[in-house]
Amino acid sequence: MFCLIYGLENYLINENIKKIIDDLKINSEEIIKLDMSSSSINSLLVEASSVNMFSDRKLILCDNSMFLSSKDDINSKEDIEELIKYIDKPFEDVYLVFILREETIDSRKKISKLISSVSKTYVCNKIENYNLNNYLMDYIRDKGYSVSSRTVELLISKTSFELSIIMKELDKLFIYKDKDKKITSEDIEKVITNNIETNIFDLTNAIINKEKGKIDKLYKDLLRRKEDPLKLIITLSNQFRLYLEVKLMRNNGFSEKEIVSTLKEHPYRISLALKNDYSIEELKDNLEKLSKLDLDIVSGKVDKEFGFEMYLLNI
C-alpha cells in the first residue's frame with residue numbers, strides 16, 4: 001500500500017499520519033521513520049525490501065520526500081529509476097507513506113505521476129480564511145462544546161493564525177471549560193496569553209486609530225516581556241508594510257486569493273488586513289517615521305527606548 005501526503009499545514013499532515021497508523025492498527029515496532037532530505041533512496045529501498053524482525057508488517061514514513069518536488073538536488077536519475085522499479089513490484093505487507101511539506105508536488109515528474117497514481121492522497125494545505133472559522137467551529141462542537149463565530153475569530157487572531165498552536169490552546173480551553181462546555185471570548189482572554197505577534201497586530205491597529213490608552217497598555221505589556229524596542233520597530237514596520245501591500249494590490253484589482261498567493265502570507269492574516277480601512281497615506285507616513293527612527297537608533301543618534309516611546313507619544 002502507498003500513501004501520499006503533501007501540503008504546508010503541518011498539523012493536518014501529522015493528523016493524517018496518525019489516521020493512517022490507526023486505520024492499519026500499526027504498532028510502534030512496525031514503524032520506520034526516514035528523513036529523505038538526509039537519507040538516500042537506496043536506504044529506503046533497503047528498508048522496504050528487508051524483513052521486520054518484530055512483525056510481518058512494516059510502515060515506512062518517508063518524510064521530506066523532495067524527489068516529488070521541483071527542488072530535488074539530492075537524488076540521481078538512477079536512484080529514482082530504482083524506486084520506480086520497486087513501486088511497480090512492491091513487497092507485500094510493506095506500507096510506504098511519502099510526505100512532502102510543500103504546497104504541491106511536481107506533477108511533471110515521472111516519479112510524481114507514478115506515486116500519485118498508486119497512492120491514497122491527502123492534500124494538507126493551509127485552510128483558507130473563510131473555511132478556517134467553520135473548520136474550528138465544527139471541531140469544537142464535535143468535542144461537545146459550544147462556541148460563537150466571533151469567539152473563534154478571537155482565538156485565531158490570538159494564536160498567530162497557526163492551526164497547530166490553535167489546537168494546543170483548544171486543549172487548554174477544553175480542560176478549563178470541562179463543566180459547562182461553553183467557550184466564550186472571556187475564556188479566550190483568560191486562558192490564552194497574547195504572543196508578540198498578536199500584540200503587534202493590536203498595536204498597529206491602535207496606532208492607526210490613535211487609541212492612546214490602548215497604545216500605552218500594549219507598550220507596557222511588551223516592556224514587561226522585555227521585548228527589544230528595535231525588534232518592535234522592525235516587526236511593526238513589517239505589519240504596516242503588509243497592510244500597505246494588501247491595500248495597493250486590492251486597489252489594483254487583485255482578489256483575496258491572488259493577494260495570498262503573491263504575498264505568501266497566511267490567508268487569515270490577509271483577510272484581517274483587508275477588513276481594515278486604513279488610508280495609503282497613513283500607512284506610508286508610519287513606515288517613513290519608523291524607517292527614520294530605525295536609522296537614527298542604528299547610527300547612535302537616538303536611544304532605542306526613548307526613540308520608540310517618542311514615536312508612540314506623538315501618534
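Contact here means heavy atoms within 4.5 Å. Keep in mind that this is a predicted model.

Q: Which residues make the contact between H11 and H12?
A: On the H11 side they are Leu242, Glu245, Val246, Met249 and Arg250, and they meet Glu256, Glu258, Ile259, Thr262 and Leu263 in H12. By type, that contact splits into five nonpolar, one polar and four charged residues.

Q: Why are H11 and H12 called oblique to each other?
A: The axes of H11 (residues 229-251) and H12 (residues 256-263) cross at roughly 135 degrees, coming within 10 Å. Roughly perpendicular covers 65 to 115 degrees and roughly antiparallel starts over 145, with the rest counting as oblique. The pair is therefore oblique. As for handedness, the crossing is right-handed.

Q: What makes the buried residues of H12 line one face of the helix?
A: The buried ones are Ile259, Val260 and Leu263. Looking down the H12 axis, they fall within an arc of 100 degrees, so they sit along one face. What they pack against is H11 and helix H13 (267-275).

Q: Why does Asp187 count as buried?
A: The cut-off for buried is under 20% relative accessible area. Asp187 has 5% relative accessibility, so it counts as buried. This residue belongs to helix H8 (residues 185-191).

Q: What does Asp187 touch, leaving out residues up to four places away in sequence?
A: Its contacts are Leu173, Tyr176, Lys177, Lys182 and Ile192.

Conventions:
Residues numbered from 1 in each chain as written. Predicted model: local features only at pLDDT ≥ 70, side-chain atom pairs only at ≥ 80, totals over all residues. Heavy atoms only, no water. Axes fitted to C-alpha atoms, helices over the stretch in contact; angles between N-to-C directions. Helix = DSSP H or I, 4+ residues; strand = E, 2+ residues; numbered from the N terminus. Parallel < 35°, antiparallel > 145°, perpendicular 65-115°, else oblique. Left-handed = near helix turned anticlockwise from the far one by under 90°. Nonpolar A, V, L, I, M, F, W, Y, C, P; charged D, E, K, R; others polar. Buried < 20%, exposed > 50% of the residue type's maximum accessible area, 1.4 Å probe, protein only. Arc of directions from axis to C-beta.
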